[in-house]
Amino acid sequence: MKTFALALSAALSELGYECIVVESFGEMLNRATLKDLRQPNVILISSLGFGIFNLVARNSIFVLHGFPRLDDAGILDFTKVALATKLFSRWASRVTSISQLTYLANISFFGIRSHSIIGNPYLPSVNPYAEKDTVNHQVRILYVGRLVAVKRVEQLIRGFLLAVDRVPSLHLEIVGSGPQMNFLQQIGRHPNISFAGAVSNDLAKNMMRNSDIFVSLAEGENFGITFLEAIHAGCHIICPTTGGQIDWILDYPQVTYVRNVFDADAVCDAILKAVNALREPKKPFDPTWNRQIALRYDALIREAIGEKTKGFEPRQS
């Protein structure tokens, strides 16, 4: 969540807010920090990792980045996360979800109602992107994320193996680590598939800039920031017809949808369609995105603090 915190801090700072990003429990437990949380013009914006401090803060916004899933967490972790999310939401002044999917899942299964739905801000790389090359005239397909079952990387590999038989110039780069690494390397033994392992966020963004197609097949993705990064990097996108990205990605024509992520043939068809669409015009990433996100948080902040503090105004830059 550090990327989210830094991006939101940068966006709100543009509106005149003084923002401090706290990265550890030790910093939060500092006496001065705890005292600050009781001030009328201070608001805590937190998610699950620091949500317990909503109990201390006079004003707080709790951000729901997702929802617990049994098929990912297991029964014990699922229960712990569900209970913690329920409590932290109850203690917060306001609750916001990062997507309609996140909102619906939390209210339907856990009874947690959000006051608003606000997407993720985006933090551009500070390093220049690498230029796209044309080595062997390859079509470069990229996956970035955890290597776990719910990300459907297995289905991506199986679909790619069908597609590369028809278009030998395809190359799939899988970036990330996780419990499925060994299994995926076994089924992905092909000269046109490579595994990069875990890399830095900046390096992943540069790899996107040097790729043609970005793929994410997680049908329950809450709101993947990687989609924002991929659009910004000029990639074509392959994704399911479900997930939090549907809130906004419909505005971009350079997207190919997979209707059944469990069907290798459907994944193969999407890859081939995306390859055929690479020469079509792409809509660039919205340069006002972060400002729109900041303005929506500004309204929520005013609403939360305004209940207890009259005449609140953010510091103007």
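Author: Begin with a loop. The model is predicted. Ile52 sits in the loop between strand E1 (44–46) and strand E2 (60–64).

Reader: Is Ile52 buried or exposed, or partly exposed?

Author: Buried means under 20% relative accessible area, and exposed means over 50%. Ile52 has 39%, so it counts as partly exposed.

Reader: Which residues make a nonpolar surface patch with Ile52?

Author: Phe25 and Leu29 do. Together with Ile52 they make a nonpolar surface patch of about 280 Å².

Reader: Now the sheet. How do strands pair in general?

Author: Strands of a sheet pair through backbone hydrogen bonds, in a parallel or an antiparallel way. Here, an open sheet of 6 strands shows parallel pairing. Its order is E7-E6-E5-E8-E9-E10.

Reader: Which strands stand at the edges?

Author: Strand E7 (193–197) and strand E10 (255–258) do. Each has a single partner strand, so one side of each lacks a neighbour in the sheet. On average, neighbouring strands of this sheet are turned by 20° against each other, direction ignored.

Reader: How many bridges join E9 and E10?

Author: Strand E9 (residues 236–240) pairs with E10 over 4 bridges, in the parallel sense. Ile238 stands opposite Thr256 in E10.

Reader: Which strands does helix H6 touch?

Author: Helix H6 (residues 153–166) packs on the sheet. It touches strand E5 (139–144), strand E6 (170–175), E7 and strand E8 (213–215). The direction of H6 makes about 165° with that of E6.

Reader: And where does helix H9 lie?

Author: Helix H9 (residues 225–232) lies across E5, E8 and E9. H9 runs at about 155° to E9.

Conventions:
Residues numbered from 1 in each chain as written. Predicted model: local features only at pLDDT ≥ 70, side-chain atom pairs only at ≥ 80, totals over all residues. Heavy atoms only, no water. Pairing = 2+ DSSP bridges. Helix = DSSP H or I, 4+ residues; strand = E, 2+ residues; numbered from the N terminus. Axes fitted to C-alpha atoms, helices over the stretch in contact; angles between N-to-C directions. Contact = heavy atoms within 4.5 Å. Patch = residues over 30% accessible without salt bridge, like charges linked within 9 Å, V, L, I, M, F, W, Y side chains within 5 Å. Areas by Shrake-Rupley, 256 points an atom, 1.4 Å probe, with all protein chains shown as cover. Salt bridge = Lys/Arg side-chain N within 4 Å of Asp/Glu carboxyl O. Buried < 20%, exposed > 50% of the residue type's maximum accessible area, 1.4 Å probe, protein only.
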